[in-house]
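Reader: I'm new to reading protein models, and I'd like to go through one with you. Could we take it step by step?

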Amino acid sequence: MRTSAVVSTVGSLLHTSLTPLLPITVLPAVVQFNPKTKTVTIAGEDFPYGDHAELRIIATGKAAPAQVAALLPQLLPQLLPQLTPTKAPTKAPTKAPTKAPTKTKTVAMAMEMETEKEMEMAMTLKTTVLCVGKATTTTPSEVASLSSHPCVLPLLLSSHPVPSPLSVTAASSVFAFIRSAPPRTLFLYLLSGGSSALCCLPAPPLTVGHLQHATERLMGRGVDIKRLNELRQAIDEFKGGGVAREVLQKQKRDGKGEGKGKGKGEGACHNHHTLRTLAVCDVVGGEEEGGVGGIGSGPTVLGGEEETQTQTQTLAVKMEKARAIWEEFGDEEGEEGKGIKAFLDSNDSSSSNNINNNNNNDSSSNNSSSNNSNNNNINNINNNNHIVGRQTNNNPSNYEYGPRYKPPTIISSNGSALTSLFSACLSAGFKPVILKSSLTGEASSVGISLTKAAIERGPGAYIAGGETTVTIPEGRIPSEKGGRNMHMALSVGVFLGRKGIKNVEFGAIGTDGDDGKGGAAGAWTRGVGSVSEWTRARRDLRSFNSFGFFDTADVTKTRGLIRTGPTGTNVADVILIIVN
């Protein structure tokens, strides 16, 4: 996280409060490799090396590169089994070493281990890492450190907030990574916000163009993230438990011995994979019961009791929610809008029932049946480049649950950010109050309402957090820079200037360090003063150019950008209001 010269009190406190949330602080506390006991501990749960053929780590989201980088010191010993000889010498060497060994054994020294006992203690679980990050926020140092590590596959950089073909490539790579694993693999998924756009598998016959249109349409209409993710889960096979089902499904075995299982004869065999997920929560309500499915649209979240129902019931509920969302916020004017509506309308109970009846077929048969059914129901959709996932094979009898699966464990959240900011304010001599968590709504009105509430309470430091939205009027395309936090700060600045309020300082940031285009985390303000600045502020609000307003020279020192650089975490937004 880059330091920044910030002249405001709120900016300094917001910047400082991010430190305890960084992956380098959080992740080593919840993931430990223990060579002496031959276990890896994940969120307090021990997994013996001997119970698993490999450990495969999947990391997706804005925080993914920083999370993997935080584990690199522990991943170095994972190379030792590949570098040590198959059998150690049983006798001590005739010549004593000229230099005493250092306390820390390096990879080179591993070749010279003198006893079988030493080698046995060094043996660890073979580990491979696949990481998908956001192209515009992954730092050069993260790229360099990950690219040079032998345990880490080539880093995949993808698109956010709107998906692209890179997103399809990333999701396809994750599924291929899972399918290539040997039986009894332990999968650890490091999930963080942004995964919804970074990894996408359009449900056939939809394409990435349809997913792009859906994302832009709903974001432009100011739809909250919960409903956006509910739509995504219906039209994207990576989401809504798609990754979990890929890991846990039983492998088909035929008379030729194909598939993951051993032996001959038809039928399904268990791959005996285990799946655990550690999530950095960026969604409002994510810590509440059932809310974890909103993080990255829930790629490893199964439906609980709903998952034990029939495929028809599960899919029908998902599609019904998505249809209602698209009817309220979607469109049918362009090819993509019509295609999404046709897809949602075609996936009714009868089509789901047909899918369920074919669940004993192999993967290619299922995909062919699904494609034929969809082609009969949906006209004018290009079906040449879609990627087939597992949505058409979701009957619960095809999956292995029990202790091999647990819902995601949240290791950091917006609540963590509010607690950290509370402590920072205490240390600075303030008496902080958390005004509100789980914020949603229009950024401008939310910011002004919070400021009014803080003023009514009197002097103090007031904290809030959540994720607001900015509604773009129909037909208007914002061409300038600035995210919801800068937009909120500018709205509050106009409010303070119009009211002549001089004793309030307001700041808001996105905890990932990137609030919209421009490379700043957010902005702070003490109010817009002069008439000329007030006129410009109103113009920049209308054109969604809040970044431009805060980035210009300010001789009165009443506003500014808050620059943190990419933080390596993503737990939604944090707001601080100081009333003097």
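Predicted model: local features only at pLDDT ≥ 70, side-chain atom pairs only at ≥ 80, totals over all residues.

Reader: Is Glu 287 buried or exposed?
Author: Glu 287 sits in the loop between β10 (274-280) and α13 (311-329). Its relative accessible area is 53%, and the cut-off is over 50%, so Glu 287 counts as exposed.

Reader: Let's zoom out. What percentage of the residues count as buried?
Author: The chain has 21 helices and 17 strands. It exposes about 25000 Å², with carbon and sulfur atoms supplying 52% of that area. Of the 580 residues, the share that counts as buried is 54%.

Reader: And what percentage of the contacts between residues at least 6 apart join residues at least 24 apart?
Author: Here we look at contacts in the chain between residues at least 6 apart in sequence. The share of them that joins residues at least 24 apart is 80%.

Reader: How many salt bridges are there?
Author: To count as one, a side-chain nitrogen of Lys or Arg has to be within 4 Å of a carboxyl oxygen of Asp or Glu. Some of them join up: Glu 45, Arg 276 and Lys 406 are linked in a network. The total count of salt bridges is 18.

Reader: How many residues apart in sequence are the parts that Glu 54 and Lys 126 tie together?
Author: These two side chains form a salt bridge, with N and O 3.7 Å apart. Glu 54 belongs to strand β4 (residues 54-60), while Lys 126 is in the loop between α6 (116-122) and β5 (127-134), so the bridge ties together parts whose separation in sequence is 72 residues.

Reader: Which of those two is buried, and which is partly exposed?
Author: Glu 54 has a relative accessible area of 9%, so Glu 54 is buried. Lys 126 comes in at 42%, so the partly exposed one is Lys 126.

Reader: Which residue forms a salt bridge with Glu 246?
Author: The closest N and O atoms of this pair are 3.0 Å apart. The bridge links distant parts of the chain, 67 residues apart: Glu 246 is in helix α12 (residues 242-248), and its partner is in helix α8 (residues 165-179). Glu 246 is buried at 2% relative accessible area. The partner is Arg 179.

Reader: Which element gives the most to the positive patch?
Author: The patch is made of Lys 452, Arg 476, Arg 498, Lys 499, Arg 538, Arg 539 and Arg 542. Two elements give two or more residues to it, α19 (484-499) and α20 (531-542). With three residues, the one that gives the most is α20.

Reader: Which residues does a cis peptide bond with omega of about 5° join?
Author: Most residues other than glycine have a negative phi, and most peptide bonds are trans. A cis bond between Pro 204 and Pro 205 has omega of about 10°. The cis bond with omega of about 5° joins His 160 and Pro 161.

Reader: What is phi of Ser 297 near?
Author: Ser 297 lies in the loop between β10 and α13, and at 0% relative accessibility it counts as buried. Its phi is positive although the residue is not glycine, with a value near 65°.

Technical notes: Residues numbered from 1 in each chain as written. Heavy atoms only, no water. Patch = residues over 30% accessible without salt bridge, like charges linked within 9 Å, V, L, I, M, F, W, Y side chains within 5 Å. Areas by Shrake-Rupley, 256 points an atom, 1.4 Å probe, with all protein chains shown as cover. Lys, Arg positive; Asp, Glu negative; His and termini not counted. Charge placed at Lys NZ, Arg CZ, Asp CG, Glu CD. Helix = DSSP H or I, 4+ residues; strand = E, 2+ residues; numbered from the N terminus. Buried < 20%, exposed > 50% of the residue type's maximum accessible area, 1.4 Å probe, protein only. Contact = heavy atoms within 4.5 Å.
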